[in-house]
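Student: Please give me a close look at one part of this model. I would like the packing described piece by piece, with a few residues picked out along the way.

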Amino acid sequence: MTDQPRQVGGGRSMFGDFAPKLAELTDDVLFADVWNRPELAARDRSLVTVAVLAAGGDTAQLEFHLGRAIENGVTQSELIETLTHVTLYAGWPKGMAAMGVAKKLFDESASSDAS
């Protein structure tokens, strides 16, 4: 999977001066190592991450990872289908909350594309 863009985290830019160890782990372990391992494409890791965040009800992180999924080649319709599928396994409230995050993000994206 070496033909994919290198995945880079933003921990240091977000929390480097406030929580340097968390920033280091985010950038150096999660993104520099795990996200760039060749066994799964970044696109597949994005789908897994979106599904896990939706299933866990972690909507605060979901917006970022939906955007990253789009950057990694996942389509909006694939993300909607993923969230629909997750809803039936993880529970209606979590799925509906996740879909609300996706709708807001996609609506904002469509509005900025139209401008």
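Tutor: A helix here is a DSSP run of H or I with at least four residues, numbered from the N terminus. Keep in mind that the model is predicted. With that in place, take S77, which is found in helix α5, residues 76–90. That helix is the part to look at, together with its partners.

Begin with S77 itself. S77 counts as exposed because its relative accessibility is 53%, and the cut-off for exposed is over 50%. Its side chain is joined to that of T75 by a polar contact of 3.2 Å. S77 and A19 are 58 residues apart along the chain, and their C-alpha atoms are separated by 36 Å.

Now the packing. Two packed helices are described by the angle between their axes and the distance between the axes. Take α5 and α6. Their axes come within 7 Å and cross at roughly 165°. The pair is therefore roughly antiparallel, a label that applies over 145 degrees. In passing α6, α5 makes a right-handed crossing. From α5, the contact draws on Q76, L79, I80, L83, T84, T87, L88 and A90. From α6 come W92, K94, G95, M96, A98, M99, A102 and F106. Sorted by class, the residues of this contact are eleven nonpolar, four polar and one charged.

K103 is exposed because its relative accessible area is 53%. Its side chain makes a polar contact of 2.7 Å with the side chain of D107. K103 and I80 are 23 residues apart along the chain, yet their C-alpha atoms are separated by 8.8 Å.

Next, α5 against α3. These axes come within 9 Å and cross at roughly 40°. The two helices are therefore oblique to each other. Their crossing is right-handed. On α3, the residues that meet α5 are R43, L47, V50, A51, A54 and A55. On α5, they are E78, L79, T82, L83, V86 and A90. This contact has nine nonpolar, one polar and two charged residues.

Helix α3 spans residues 42–56, and helix α4 spans residues 59–71. Their axes come within 9 Å and cross at roughly 160°. That makes the two roughly antiparallel. Here the crossing is left-handed. S46, T49, V50, L53 and A54 of α3 meet Q61, L62, H65, L66, R68 and A69 of α4. By class there are six nonpolar, four polar and one charged residues.

Finish with T49, placed in α3. T49 counts as buried because its relative accessibility is 18%, and buried means under 20%. A polar atom of its side chain lies 2.8 Å from the backbone oxygen of R45. Neighbours within four places in sequence aside, T49 is in contact with W35 and H65.

Methods. Residues are numbered from 1 along each chain as its sequence is written. This is a predicted model: local features need pLDDT of at least 70, side-chain atom pairs count only at pLDDT 80 or more; totals for chains, interfaces and linings use all residues. Side-chain values use heavy atoms; hydrogens and water are left out. Axes are lines fitted to C-alpha atoms, for helices over the stretch in contact, and angles run from 0 to 180 degrees between N-to-C directions. Angles under 35 degrees count as roughly parallel, over 145 as roughly antiparallel, 65 to 115 as roughly perpendicular and the rest as oblique. A crossing is left-handed if the near helix is turned anticlockwise from the far one by less than a right angle, and right-handed if clockwise. Contact means heavy atoms within 4.5 Å. Ala, Val, Leu, Ile, Met, Phe, Trp, Tyr, Cys and Pro count as nonpolar, Asp, Glu, Lys and Arg as charged, and the others, Gly among them, as polar. Buried means under 20% relative accessible area, exposed over 50%, partly exposed in between (1.4 Å probe, protein chains only). A polar contact is a pair of N or O atoms within 3.5 Å; within protein, one must be able to donate a hydrogen and the other to accept it, and residues adjacent in sequence count only if both atoms are side-chain atoms.
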